[in-house]
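This report takes up a single side chain and its surroundings, and then turns to the sheet and the helices that accompany it. The sequence and structure are shown first.

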Amino acid sequence: MEEIINKVANSALEVFDLEDYYPKGMRVQIDISQWLLEGFLLKEKDFREHLKNHDWSQYQDQYVAVNCSTDAIVPAWALILVSVHLAPFAKKVVNGTIEDMDASLYEEILSKIDYSVYQSKPVIVKGCSKKPVPMRAYILATNYLQPFARSIMYGEACSAVPLYKESKK
């Protein structure tokens, strides 16, 4: 019986796994509609009072996404004021959803990677992950890799989808 050889492990193929860069930390979302009259009307005095009485320390060292889940028209200062209250406690505050938070975190992390290690190599951007990697992170990683990689594929080595191939010069 012949020995089974793992051709993928022995290939020059480089795997870029976004899950490796997933920042650790608790993520929470604050919906400011809880502090609006009937979830829709912002009364400044009442809103400020709610913020003043809220326990902001519960967000210590957490990533916080702030949004309004209703169709209320909320002035920009209201979301900014919430972020001011969160600043002494939260690791990071963004306007939007937890997915927006993850995308923002990946934007910071991916911008600091040295992609030259992928120079002239075939790269596969790993597609399956156990962590919630946002689509924006995949697109951004691919954009960063493109100037360096010889080729870029998406998925798993056994079933990768070609995305980019360097043109012959």
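This is a predicted model: local features need pLDDT of at least 70, side-chain atom pairs count only at pLDDT 80 or more; totals for chains, interfaces and linings use all residues.

Thr142 belongs to helix H5, which spans residues 135–145, and its side chain reaches the backbone oxygen of Tyr138 at 2.8 Å.

When residues up to four places away in sequence are not counted, Thr142 touches Val125, Ile152 and Leu163. Asn67, by contrast, is 75 residues apart from Thr142 in sequence, and the C-alpha atoms of the two are 29 Å apart in space.

## The parallel sheet

An open sheet is formed by 3 strands, which follow the order E2-E3-E4 and pair in parallel. Strand E2 (27–31) and strand E4 (92–95) each have a single partner strand and stand at the edges, so that one side of each is left without a neighbour in the sheet. On average, and with direction ignored, neighbouring strands of this sheet are turned by 25 degrees against each other.

Strand E3, made up of residues 63–67, pairs with E4 in the parallel sense over 4 bridges, and Ala65 stands opposite Val94 in E4.

## Helices on the sheet

Helix H3, covering residues 76–86, lies across E2, E3 and E4 and runs at about 160 degrees to E3. Helix H4, residues 98–110, packs on the sheet and touches E2, E3 and E4, while its direction makes about 120 degrees with that of E4.

How values were computed
Residues are numbered from 1 along each chain as its sequence is written. Side-chain values use heavy atoms; hydrogens and water are left out. Two strands pair if DSSP finds at least two bridges between them. Helices (H or I, at least four residues) and strands (E, at least two) are DSSP runs, numbered from the N terminus. Axes are lines fitted to C-alpha atoms, for helices over the stretch in contact, and angles run from 0 to 180 degrees between N-to-C directions. Contact means heavy atoms within 4.5 Å. A polar contact is a pair of N or O atoms within 3.5 Å; within protein, one must be able to donate a hydrogen and the other to accept it, and residues adjacent in sequence count only if both atoms are side-chain atoms.
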